[in-house]
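Hi everyone, thanks for coming.

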Amino acid sequence: MSTPTLPKFWEDFPELSAPLQAVLEDMSASWHIGFEEIDTAIRSQLNAGKLIRPALTLLFSRLSDNPYNAKAISLGASLELLHLATLIHDDIIDESKLRRGHESIQSQFGKDTAVYAGDYLLTGMFSLLERADKPAANKLALKALQEILFGELVQKQNRYNLSADFNSYLTQIKGKTAALFRLSVSFGVISGDNYSEPLLETVSHLGENIGVTFQLLDDYLDFESITQDLSLGKPVGQDIRNGIYTAPILFALADPVISDKIIPLLAKRDDISDIEMMTLHTLITESNAMVKLSDLLTNYTESLKHMIQSLPDEGIRLQLEQLSGILLNRKY
């Protein structure tokens, strides 16, 4: 079975190329189950991964006593398998037809195969954690799994909830998105033989900031793209149709002037037409919601820059600034 190749944008990070390739090899060796349909399903998604999270693990291993060590590689690989498993399960819950620009596993192979694939990837994650043999990593992974599940439950509770607020949404994304970024950087710090708890706490906070910023940016860009995607005949607004309200919707709902206009549209749920989706987009774009989200993104981005500058290693600061620029501009 061939190992996937690295995405091309990692060519700008030559120091990471060899350890990231090792991550891919660890991942590929950990999940071959012998059932062709499940193997094919997993491989279809693995080939599309960007490896952002294991790359962060490798980068933050520079803060350990052994940069880019074998345990960091195993921990990074376990993390990416966990990430992929959560995506597969998300697509089942949301009935998403697309993932990473390709047909989702549940759409292409059916929900039963998708469940088996996601569950099997979790066994691969645990086998890689066992190989790393870091008790602290096991505790962090368990905590992250609990936070991810809690984030999913908050999202389920808030589905179609027109009274949901941004603070509840922030709790949701701190579980669903930020928990994995926090785990990524923490894995890097603890991969060596010695680390300090204050450093781990500082890095954990930075990882959470990366995750929240990343999600809010996705919210902004995904909402902005609705008009363009509709004009291209692409399916859009699936989160809105599924009752998953992201920051633009929540900020608009908090505005009494605009909320009365958009609530009847949101109440249509999956029956909202493309024309009505365009109307919804226009109403929210012309409100203060996107300005509020833009200002919040600016605050998070500035905070992230300050956190990066506080790190004790110049090399990791430079690479993180470069990587965060790529992420924030979607150049990957």
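I'll talk about a pair of helices and then about one lysine in a loop. Keep in mind that this is a predicted model.

Let's begin with the pair. Two packed helices are described by the angle between their axes and the distance between the axes. Here, helix 15 covers residues 289-309 and helix 16 covers residues 314-328; their axes are 9 Å apart and meet at an angle of about 160°. Angles over 145 degrees count as roughly antiparallel, so that is how helix 15 and helix 16 run relative to each other. The crossing of helix 15 past helix 16 is right-handed.

Which residues make the contact? From helix 15 we have Thr 301, Ile 308 and Gln 309, and from helix 16 Arg 317, Leu 320, Glu 321, Ser 324 and Leu 328. Sorted by class, this contact has 3 nonpolar, 3 polar and 2 charged residues.

Now helix 16 itself. Its 15 residues reach 21 Å from the first C-alpha to the last, close to the 21 Å expected. Several of its residues are buried, among them Ile 316, Arg 317, Leu 320 and Leu 327. The cover over the buried residues of helix 16 includes helix 1, helix 3, helix 9 and helix 15.

Finally, find Lys 134, in the loop between helix 6 and helix 7. Is Lys 134 buried or exposed? Its relative accessible area is 12%, and buried means under 20%, so Lys 134 is buried. Beyond its close neighbours in sequence, Lys 134 is in contact with Lys 71, Leu 129, Ile 190, Ser 191 and Gly 192.

Notes:
Residues are numbered from 1 along each chain as its sequence is written. This is a predicted model: local features need pLDDT of at least 70, side-chain atom pairs count only at pLDDT 80 or more; totals for chains, interfaces and linings use all residues. Side-chain values use heavy atoms; hydrogens and water are left out. Axes are lines fitted to C-alpha atoms, for helices over the stretch in contact, and angles run from 0 to 180 degrees between N-to-C directions. Helices (H or I, at least four residues) and strands (E, at least two) are DSSP runs, numbered from the N terminus. Angles under 35 degrees count as roughly parallel, over 145 as roughly antiparallel, 65 to 115 as roughly perpendicular and the rest as oblique. A crossing is left-handed if the near helix is turned anticlockwise from the far one by less than a right angle, and right-handed if clockwise. Contact means heavy atoms within 4.5 Å. Ala, Val, Leu, Ile, Met, Phe, Trp, Tyr, Cys and Pro count as nonpolar, Asp, Glu, Lys and Arg as charged, and the others, Gly among them, as polar. The expected span of a helix is 1.5 Å times one less than its number of residues. Buried means under 20% relative accessible area, exposed over 50%, partly exposed in between (1.4 Å probe, protein chains only). Lists of a residue's contacts leave out its neighbours within four places in sequence.
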